[in-house]
Amino acid sequence: MGNFRINSSDAPSFILTGFPGMEAMEPWLSLPLLLFYAISIVGNSLILLIVKEEESLHQPMYYFLSLLSVNDLGVSLSTLPTVLAALCFRARVITFNACLAQMFFIHLFSWTESGILLAMSVDRYVAICNPLRYAAVLTNTRILAMGLGTVLRSFALILVFPLLLHRLPFCHAQNVLSHAYCLHVDMIKLACTDISLNSHYGLSIVLLTFGLDSALILISYVLILRSVLAIASREERLKTLNTCVSHILAVLVFYVPMVSVSIVHRFGAGLPHAVHILMSILYLFVPPMLNPVIYSIKTKEIRRRLLKMLFRFKR
């Protein structure tokens, strides 16, 4: 195949990018990212510990929250190695297979998070619109099936990406990525052939996962709002809506940066590279960090147990 290197023994390597033009400041610029990682890992681990230890939290809503925390840990840990290597140790070269594996897990956890947020909206819908059948509808078996179904859906859809990428030739002397981690849209731009199949498949999957999930979440909240407005007491309406605030914030924290990144990637070719980096940071780093903060602040049971743990640690 001449210069086209597509065999595993002759696979190309990729070069990770930190903050172009600010290389001397990268160790300092990496400090906020390391803080994001610390908050995400510690926060989500505490959520899992609290739900496990607190028997009053052994309910469907908190089981779904635990799934979200596990997934957020996966998002953080899948980007952490290369971000640390590139920004703190200037180790910027990553092999094709390692890049492929990281890309697989980043997209797997991202799409799984969308499905978990949809499952959480179903939980809120049943709890508010059909409270008498809440325990009968959302049994442990059904929760497990919903969780496994979400993961399997994401796995089946992402499994095609490595197969499509293996068929692409990468013939440049240097394959420089736009970030300190590997994304599908970033990798295919470096191929030396037509990437329309990869691009069209990626777009269709985004519509099938993020598009469908966000539409169903919106429908669930329209039904929830209709049910809440039928409640006579204003105080009861506010109390009922307050049980949804944490989930609504988690949905916004996930979908707003994701939509912004998609718009910047597709229509922001003329924007400074710093904008692309900022948007990708918001997309991958902020949701895993903010989700445990949101639920710790807005959920009384979690907040109370967390304060009790902190007080015990202080003593």
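Is the disulfide of C99 and C182 left-handed or right-handed? The model is predicted, and in it the torsion about the S-S bond of C99 and C182 is about -120°, so this disulfide is left-handed. C99 belongs to helix α3, whereas C182 is found in the loop between α6 (160-166) and α7 (184-188), so the pair ties together parts that are 83 residues apart in sequence. With a relative accessible area of 0%, C99 is buried; C182 is likewise buried, at 0%.

**The two disulfides**

A disulfide is a covalent bond between the sulfur atoms of two cysteines. A search of the whole structure finds 2 disulfides. The second one joins C171 and C192. The torsion about its S-S bond is about -125°, so the disulfide of C171 and C192 is also left-handed. The table lists the sulfur distances of both pairs.

| Disulfide | Distance between sulfur atoms |
|---|---|
| C99 and C182 | 1.9 Å |
| C171 and C192 | 2.0 Å |

C171 sits in the loop between α6 and α7, and C192 in the loop between α7 and α8 (196-229), so this pair ties together parts that are 21 residues apart in sequence. C171 is partly exposed, with a relative accessibility of 27%, and C192 is partly exposed at 23%. When the bonded cysteines are counted along the chain, the disulfides follow the pattern 1-3, 2-4.

C129 takes part in no disulfide; the nearest cysteine sulfur belongs to C244 and is 8.9 Å away. C129 is partly exposed, at 27% relative accessibility. C244 is also in no disulfide, and with 1% relative accessibility it is buried.

In soluble globular proteins, nonpolar side chains tend to be buried together. The largest nonpolar core of this model has 79 residues, of which F14, L117 and M187 touch the most other members. Helix α3 (residues 96-129) supplies the largest share of this core, 15 residues. Leaving aside residues up to four places away in sequence, L117 touches L68, I217, H247, A250, V251, F254 and Y255.

R90 is not a glycine, yet it has a positive phi of about 55°. R90 is located in the loop between α2 (60-88) and β2 (93-95). Its relative accessible area is 43%, and R90 is therefore partly exposed.

How values were computed
Residues numbered from 1 in each chain as written. Predicted model: local features only at pLDDT ≥ 70, side-chain atom pairs only at ≥ 80, totals over all residues. Heavy atoms only, no water. Core = buried A, V, L, I, M, F, W, Y, C linked by side-chain atoms within 4.5 Å. Buried < 20%, exposed > 50% of the residue type's maximum accessible area, 1.4 Å probe, protein only. Helix = DSSP H or I, 4+ residues; strand = E, 2+ residues; numbered from the N terminus. Contact = heavy atoms within 4.5 Å. Disulfide = S-S within 2.5 Å.
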